[in-house]
Amino acid sequence: MAWHNRAFTAAAAAVAVAVCATIGSTGQAAAAARERTTAARTQTTAAAGAQTTAAATPTPYAFAEDATTVKGTADTTDAEQLAPGKTYRSSIGRDAKLYYRLELDDTSNAYVSATAVPRPGTTVSYSDGVKVSVQDGNSRNCSFSGTTHFGATQSPHPIAAWASRETSGNQYACQTAGTYYVVVTRSGTTGSSSGDWDLELSYVSEPSLKKAAGPTSAPEAWNSASPHALAGSPKRRKGGTGFTTATSLRQGIWQDGISPGQTLFYKVPVDWGQQLYATADLGSSSHSNGGNVGTALVMSLYNPVRGFVDDIGAGYDGGQRSAALDPLPPVAYENRYAFNDRVSGMRFAGSYYLVVHLAAQVADKIGDGPFGLTLRVRVDGTAQTGPAYAGQAAPRDAFDVPAEDSDDTADGTVGGSTGTGDGGSGDSSGTMKLVAAGGIGTGSVLVLALGVWRVVARRRARVAPEDADTASAPVQTQPQPQTQMQTPAPWERGAPRGW
């Protein structure tokens, strides 16, 4: 009996020691977790401050990572060849005219776009711009030459112009296979800088149709009424800094921040038969210097081959302003037969680009920003079956409508908290893992000690040897994600255009 009592006492002591040791280690782990959480919060706060500072500095244009450097020539003799589906990087001086070469068949359509990017420190005037032409071997233009100017903002930012060689419709020139030339011309005035502009050249090839598309004239009637304004809470979505890094937007209300001199790129998938509507709201500023900029905000729309479609501008004096594109026609193949960009540009299904620029002068007249930017995007109409192409576009996905993407992967601010603040999933998950680990360790020690205790008790009762003991591990509680709610920005429709 004395041995049993000593064994019982030793088991109880072992249990007490094990529990105390485990509780102590769990407490130490919890304290360490709290220290790590505090450090993480400090790092997150510092990172947020750094991001705010970085956001106030305009980001340079993001050229395509796979762009091939090519040099434009002053004449056609030594012009370098561009390949369909490829993107190129070049540069152009003031008042220069550069040539690049194309080798075309007699069936496909060719589209070439040139994005002009003034370098830092450049000044531009109203009439400064870039023009693109496609010409045959006899210097005949294959289409209307596309020209884009910086316009009323007189603020340096990326602008794009386009031209084409088409084999469909009522075209007469440029129908044969052979050598053609892309001509990029820079126009300027005495008020602009003489430094070079960088160029990004995009060449897209569209195959012919298996059979005639039908009408060879643009539709004369379509729904041109403005839709009701979208309502609801906006979601955060950070814009890209170039065509190749444009951020995908679906129908909805999206918020971002924009600084003076900054240009943001977004892309919206629009299918055949659908209409695109877009509005840009510039939020009010509580730190206005009392100045006014006549055309401060400009939103431009480009089609899937970076062809200019339309733009809209608005002035800014520190009070909220809104600028909406006029209703555009539904995407249709026959739109290409129209004479104006707003209709002819809506000729393909695919990703349409919204490019938003805030004039650099806003910094002097209003403040450094960044200022709140809200985009309201609507895509109306049921997607229709497009024309049957006889071949493959280059690049292959040029006219594809991307599959539905997730809003949660935008910038980490939609669909739940990703920070390490109070209640955030980053904080609770790490702490819960430590607690769960401590709980499992405690359970294992207790099971072991209780097993010894039970053996002693059974021996005292002179029972048969016990069966294997089983115990359930503690259930680990998963932290519940939290949805970050945001307040919609002020909305004002019908603001006058700032042209």
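Predicted model: local features only at pLDDT ≥ 70, side-chain atom pairs only at ≥ 80, totals over all residues.
Reader: What share of the residues in the protein chain score at least 70 in pLDDT?
Author: The pLDDT averages 77 over the protein chain. The share of residues that score at least 70 is 68%.

Reader: How many contacts does the model have for residues 29–33, beyond near neighbours in sequence?
Author: Residues 29–33 have a pLDDT below 50. Beyond near neighbours in sequence, the contacts of this stretch number 3.

Reader: How many contacts beyond four places in sequence does the model have for residues 35–57?
Author: Over residues 35–57 the pLDDT also stays under 50. For this stretch, the contacts beyond four places in sequence number 17.

Reader: How many strands does the secondary structure of the protein chain contain?
Author: The protein chain has 499 residues, and 44% of them are buried. Its secondary structure includes 4 helices, and the strands come to 19.

Reader: Which residue in S6 is the bridge partner of Val130?
Author: Strand S5 covers residues 129–135 and pairs with S6 in the antiparallel sense over 4 bridges. The bridge partner of Val130 in S6 is Thr148.

Reader: Is Ser90 buried or exposed?
Author: Ser90 is found in strand S2, residues 87–92. Its relative accessible area is 7%. The cut-off for buried is under 20%, so Ser90 counts as buried.

Reader: Which residue has a side chain in polar contact with the side chain of Ser90?
Author: A polar atom of the Ser90 side chain lies 2.9 Å from the backbone oxygen of Val70. In the side-chain to side-chain polar contact, the distance is 2.9 Å and the partner of Ser90 is Tyr100.

Reader: Which residues does Ser90 touch, not counting those up to four places away in sequence?
Author: Val70, which has its backbone oxygen 2.9 Å from a polar side-chain atom of Ser90, is on the list.

How values were computed:
Residues numbered from 1 in each chain as written. Heavy atoms only, no water. pLDDT = per-residue confidence, 0-100. Contact = heavy atoms within 4.5 Å. Pairing = 2+ DSSP bridges. Helix = DSSP H or I, 4+ residues; strand = E, 2+ residues; numbered from the N terminus. Buried < 20%, exposed > 50% of the residue type's maximum accessible area, 1.4 Å probe, protein only. Polar contact = N/O pair within 3.5 Å; in protein donor to acceptor, adjacent residues only side chain to side chain.
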